[in-house]
Amino acid sequence: MVDLSTPALLREKQEKLFAVLRGLDRLIVAYSGGADSAYLVWAAHQVLGDRTLAITADSASMPESHKRDAEQFVLQFGIPHEYVATNEFDNPDYLKNDANRCYHCKDELFIRLEQLGRERGFQHIVYGVNADDLGDYRPGQNAAKLHQVKAPLVEARLTKAEIRELSRLAGLPTWDRPASACLSSRIPYGTPVTIQNVKTVENGEEQLKSLGFRQFRVRYHGELVRLEIAADEMEKALTAEMARRFTAIFKQLGFKYVTLDLQGYRQGSMNEVLNLSR
């Protein structure tokens, strides 16, 4: 975690980020609406104004509620924003859902952003990977390198906790937004990704949100659904009444078995089955 007793270090890192962005002049920000990309697009707009364009993928793998949140943020801060349609669900290599699925998704997005940039005169593309992400399995970073997409948060050596604190200090509503990921990440590697199963997951997650849960994942395992809920919310989940509600929700969505993962929510849990030593 960031040492919040060192505000000078935070300011230094933010100034480094501003300097990196200022040097890029006209740029497109790959903007999902999560805490990292929201802070990045806010920072870019602070130093470049309308020479910054936020672009969000219009994809079935992005929950509709996340799109609404993304729209509200850019509207609040007057940041130019557009959607671009991505077609990863037309790519068999994406649909087969092997360990490189994220590569194919980001490759598709960056191809679209490159095309738009050429048409509109934007010389650079940036995205919201942070210093902590470098230690995780994220094949999308390989697509970023291939397309020469820049990572200003990494250049400024900003961690997730520092980004959240700087967002809080800047008055950004995203500072404590729960971690998010595309809906396809809820499907186990080797199980084909379809629009139907990601929309089933989306429906289930929206209903969990309506029950008052904040940080969770619905993991799709065919006839079985595995619910991951944050440790600080687990007590609420471990009641007979909540078990009844979970069962009703997910049986209605077509699952035969409804399970609660006692390890709770953890980011990237689907990667636990991968052999990453190769």
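The model is predicted: local features need pLDDT of at least 70, side-chain atom pairs count only at pLDDT 80 or more, and totals for chains, interfaces and linings use all residues. Residues are numbered from 1 along each chain as its sequence is written, and side-chain values use heavy atoms, without hydrogens and water. Helices (H or I, at least four residues) and strands (E, at least two) are DSSP runs, numbered from the N terminus.

**The sheet**
- Three strands form an open sheet in the order S5-S6-S7, with mixed pairing (a pair needs at least two DSSP bridges).
- S5 (216-221) and S7 (257-260) each have a single partner strand, so one side of each lacks a neighbour in the sheet.
- From one strand to the next, the twist averages 20° (angles run from 0 to 180 degrees between N-to-C directions, with axes fitted to C-alpha atoms, for helices over the stretch in contact).
- S5 and S6 (residues 224-229) run antiparallel, joined by six bridges.
- His 221 has Leu 224 in S6 as its bridge partner.

**Helix on sheet**
- H9 (residues 195-210) packs on the sheet and touches S5 and S6 (contact means heavy atoms within 4.5 Å).
- The direction of H9 makes about 145° with that of S5.

**Helix on helix**
- The axes of H9 and H11 (residues 240-252) come within 10 Å and cross at roughly 155°.
- H9 and H11 are therefore roughly antiparallel (angles over 145 degrees).
- Gly 204, Gln 207 and Leu 208 in H9 meet Phe 246, Ile 249, Phe 250 and Gln 252 in H11.

Note on methods:
Parallel < 35°, antiparallel > 145°, perpendicular 65-115°, else oblique.
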